[in-house]
Amino acid sequence: MKKILVIGASGFLGGYLARELLGNGYFVRALARDTSRLTDLAAKGCEIVQGDISDFASMERALDGVDAAYISVHTLSPQPASPARADFMDVEMNGLENIVQGCKSKDVSRLLYVTFLGIAPDAPSAWIRGRWKAEQFLLASGLDVTVIRPGQIVGVGGFGFNTMVSHAKRPVSVNLFGAGRQKFRNIDVGDLVYYLAGALEDSRTYGQCYDVGNDDVLTNNEMIDVAAAVMGRRPPIKIDLPRGLLGSLAPFIERAAKLPRGALRGLADTVLTDSIGDPTPLRMILPRVPLSYRAAVERALRSTEKNERHASRR
């Protein structure tokens with residue numbers, strides 16, 4: 001039985017991925033800074049280890065004895081092991097360097113990295129250019145690397161999905177980033193983990209970057225309206241606040257929330273960039289008809305209702 005490390009298993013996508021791998025018969029080791037958030041995975045037979053990508057020693061321990069590793073982390077969140085007020089891309093690159101060094105130290109050759117659509121070396125956003133450099137670093141590492149670039153992920157617990165539902169429930173939707181007209185390709189979280197798990201042992205994916213998503217390309221405002229329609233609600237009135245307002249407030253919000261420097265502006269930059277890509281290449285290797293955005297929203301909301309009924313009976 002192959003042992004797979006999921007770095008970032010306490011996060012939204014990392015948790016789904018760990019459960020998918022367990023269901024596929026792999027032994028899964030889940031890494032997180034806060035292991036108390038992984039009790040559900042432990043109950044399913046997942047090995048739980050504490051660690052931080054910014055701490056090489058913990059990464060080396062986590063990689064000991066594994067056959068492959070997934071990286072599903074968000075350096076937009078606070079990173080306790082990083083230097084105070086470190087830039088968020090410095091945090092990420094330091095973490096990736098620790099992971100690569102740990103892989104080589106422990107003879108782990110297979111590495112899969114989850115990023116997002118829209119990565120390009122000439123992107124106007126420093127955050128997106130930084131992610132492109134991170135991809136290139138991994139691809140040049142000498143390891144068998146696959147990069148998966150999803151569009152906005154639709155699923156219970158996902159930041160993008162939760163935001164859409166929250167806006168769809170309001171009579172007036174106020175977009176802090178002024179990004180109502182940016183276009184996105186979406187993907188159901190179940191489709192995404194299918195691609196992630198399917199690529200694991202397929203050597204055709206080594207050294208490649210793949211865009212993944214369904215066939216719907218929608219604006220932020222259109223996604224809100226679809227979510228409202230699924231819930232049987234009228235679409236909210238949309239108001240986009242100027243982007244410049246965020247730029248002036250971002251440093252103060254980051255300090256108050258103890259976020260890495262540039263994290264909030266980095267998040268805004270990802271939202272303000274069209275994320276469309278071409279999902280065809282990976283579909284040729286891993287055939288699957290992905291759920292439409294509406295179908296994905298319907299499935300996620302049914303899951304939410306089921307969880308709420310289950311919780312009410314406790």
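I started with what an axis is: a line fitted to C-alpha atoms, for helices over the stretch in contact, with angles running from 0 to 180 degrees between N-to-C directions. Helices (H or I, at least four residues) and strands (E, at least two) are DSSP runs, numbered from the N terminus.

A note on the source: this is a predicted model, where local features need pLDDT of at least 70, side-chain atom pairs count only at pLDDT 80 or more, and totals for chains, interfaces and linings use all residues. Residues are numbered from 1 along each chain as its sequence is written, and side-chain values use heavy atoms, leaving out hydrogens and water.

**Two helices.** I looked up α6 (residues 159–168) and α8 (residues 220–230), whose axes come within 8 Å and cross at roughly 70°. The two helices are therefore roughly perpendicular (65 to 115 degrees). I then listed who meets whom: Met-164, His-167 and Ala-168 in α6 meet Asn-220, Met-223, Ile-224, Ala-227 and Ala-228 in α8; contact means heavy atoms within 4.5 Å.

**The largest core.** Next I checked the largest nonpolar core, which has 34 residues. Such a core is a set of buried Ala, Val, Leu, Ile, Met, Phe, Trp, Tyr and Cys residues joined through side-chain atoms within 4.5 Å, and buried means under 20% relative accessible area (1.4 Å probe, protein chains only). Which element gives the most to this core? I found that α7 does, with seven residues.

I picked out Leu-282, one of the residues that touch the most other members. Leaving aside neighbours within four places in sequence, Leu-282 is in contact with Ile-148, Tyr-195, Thr-205, Tyr-210 and Val-212. Apart from this core lies another, of 30 residues, including Val-100 and Tyr-113.

Technical notes: Parallel < 35°, antiparallel > 145°, perpendicular 65-115°, else oblique. Buried < 20%, exposed > 50% of the residue type's maximum accessible area, 1.4 Å probe, protein only.
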